[in-house]
Structures are given as structure tokens and as C-alpha cells.
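Work through the exercises below with the model at hand. Each task is followed by a solution in steps.

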Amino acid sequence: MNLARAVRRLQRARANVVPTTEPAGARRRRRRLWELPPRALDMVLGVGLPHEALCRIARRVLGAEPRAQGYELHAGLVAECRRRGPMAEALQDELERRHAAAVRSAAPLQSCEEVASWWQARVARDELPGALWAALSHGHATPALEQRVLGEVQMLQFQAGQAARVELARFEALIDENAVLTRVLAEAQARCSALMAEHARERQACRVEMATLRGRLLALQEAVQAEAPRHPGPPGREERLAAHEAMVAERPEASAVRSHAELGSAAAAPAAAEPTTEPPPPSRDTATALALDQRKVLCVGGRTASVPVYRRLVEACGGRFLHHDGGEEDKLGQLDATLAAADLVICQAGCVSHNAYWRVKDHCKRTGKRCVFVATPSAAGLQRALAQIDD
């Protein structure tokens, strides 16, 4: 009786023995989360699931907000997953759902070498979370492969931390640079505002000056009309006066300065009936007093027939003569280059365009060049202008 019982026990023991080797190509069951070693659990939960997902699963399983947060929550979940339970099963389901594509891709692999090659290819494609879970839970993952995978993941984490520190340093440097550029921009805006205010004041001053010149022009017109019966002047004087009045009525702002000077020269026409007559050369004492030392004297405007007279006067004083007609025949664009080449400027305000007048004034104000404005174009006026320049 005892012998029969012993035989039956031996038969049952032989039936329950698991073979130590398996056929080539045999499939193994994938490991569950609670079947992984503690280090693998730590890596899978830290890399395979984001921290928000861990908090959400813990809140759902516990039915309340977990008291632990951050690393304490992560360590508690790793401890819970060492045995099978509701928390481990919930995390297992979440890993399977998130990384289903990676698990399906690794399912046909039949050996440890194939799993290792598949792992390297997935890491190269930057698919680390899914590849980590699929490789560690694969049935053909050996302890050696497991240690290799965990070591590579740890090195990747070290490199990512170092890159994050470098990026943080660059970000802080960019913040400092942005602060400096913000201050520079604020200073530039303040300078621009000051320049705009100064420009507005200059425009207002120009308007006041134009209004003053307009008033003087009107007063001069009235004086000329009052003197007309007593001094009939040369032929055609009335026609020129009428033309100037029409021009002032149509464009009072653009022609105020020019009309003022031309009407003044028209009023002085009886005293200078022949403007092209060459005046006597300056005396020796005057030429000595007006020595220009070969400086370039630019005469802007003036009558075309009087240009040779102006040239002789300037050269007799030791200067080099330059001329621009103020936009009558010469191109107005050449005026800036001529102004830049000159050392001294004499502007015949009565014989230049309004645009040329303001260009001369603006250039001399910006560069600090000496400039004298002559209201009446004549040789005597040029001599007085030369005397003012020498002063």
C-alpha cells in the first residue's frame, strides 16, 4: 500500500517537472510590471510614464489625492509595483495602452540578439519610452540585455541633464542680453522723442519766420506801389510786379523769400540800371583786409551775366570761386556736392529757388560753415558779404 502510494507520487512529480531547455524559436510569455526587478521598475515608471499620468492613476486607484508628490510619489509607486495589486495592474494597463505600437513591433522577435538590435534601432529613432517598456517586458530579454538597456538609459539621462543645464545657462544669458537691449532701445526711443520735439520746434520757428517774411513782403509791395508813380523805372517794371504779385497769391509760402529779394532789386533798378557793369576793383587795403587764403567761396544764385564780376571780386581777395545758380539752370541735385566742396558760402537770396535757399541754410547749420545771405544781388552786396565773412 505504501509502495503504491510512493509510485503515484513519483509519477505526479515527473509530470510537474518543467524542462530546463526549450526548443529553438519557442515563444516566451512577456513579463508583467510586477515581475521586473526594482531598478527596471524605477526606470520604466520614470521614463515610460509622465509624472502627470502617475498622479492621475494614483488618484484613481486611491480614490483621493495622494499625499506624496514628486519623487516621494514615484518611490511609493515603485514599491507598490513589486507585488501584484490594483496599483500595479493599473500602471501595467497604462503602459500597455501608451506603448502598444512598440509592443506590437517587438512581438515577432525570436531571440535576445534580435531584441538588442531592435532596441538600438528604436533608440536611434528617439523612441526611448516605448522601446524601454517593450524591451524589458519581452520574453527573450535576458538579465545581461536588461543591464545593458538600463545602463544606456541611465547614460542618456545624464546627457539630457547636462544638455538641460547648458540650455538653462544659455537661456539666462539671453535674459541678460534682452535686458541690455531693452535698456538700449529705451534710450534710443528717448533720443528719437527728443529729436522729434526739436524738429517740431524748428518747424514752428520756420513757420514764424515765413509769416514774418510774408509780412515784410506785403509791406514792401505797398511801398513799391506807393513809389511807382514817382519812379516809373525801366520798361516792363509794371509787368514784372504784376507777375510777382500773381506768383505770391498762388504760392505764398514757396515764393515769399525769393519774391522779397526780387522786388527789392526791382525797386532799386533806377539806381543800378546796368547790373552787368563791372565795378572798380577793390583797393589794395581792402584786398589785404579781405584775404581769403585760397579758400573756396561758393556763390549760390545771382544773375548769370554778373557771374564773371563775382569771380573777379573773389579771386582779387585771394579766394577760389565756385558758383551754383540756385536751381534755375543747374540741377538742384548738384547743390549738395558743391556745398560740401566749399569753405565759405554766399547765398543771393533774391535769385535762388525756395528749395535751394532752405538746402543752403540747412547744410550750413549742420556743418557749421560760415554763410552770408545777400538780399539784393549786386557786386556791392557781394563785397559786403565778403567783408562779413572775413570778420
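**Exercise 1: a loop residue**

D126 lies in the loop between α7 (112-124) and α8 (128-136); helices are DSSP runs of H or I, at least four residues, numbered from the N terminus. The model is predicted, with local features needing pLDDT of at least 70 and side-chain atom pairs pLDDT 80 or more, while totals for chains, interfaces and linings use all residues. Residues are numbered from 1 along each chain as its sequence is written, and side-chain values use heavy atoms, without hydrogens and water.

Solution. 
- Step 1. Most residues other than glycine have a negative phi.

**Exercise 2: a pocket lining**

Task: Find which helix gives the most to the lining of the second largest pocket, and classify the lining residues.

Solution. 
- Step 1. Among the residues that line this pocket are H199, E202, R203, W358 and K361.
- Step 2. Both α9 and α15 (354-367) supply at least two lining residues each.
- Step 3. The most come from α9, with six residues.
- Step 4. Sorted by class, the lining has seven charged residues (Asp, Glu, Lys and Arg), three nonpolar (Ala, Val, Leu, Ile, Met, Phe, Trp, Tyr, Cys and Pro) and one polar (the others, Gly among them).

How values were computed: 1 Å grid on protein atoms, 1.4 Å probe; cavity = no way out; pocket = protein on both sides within 12 Å on 5 of 7 lines; lining within 4 Å.
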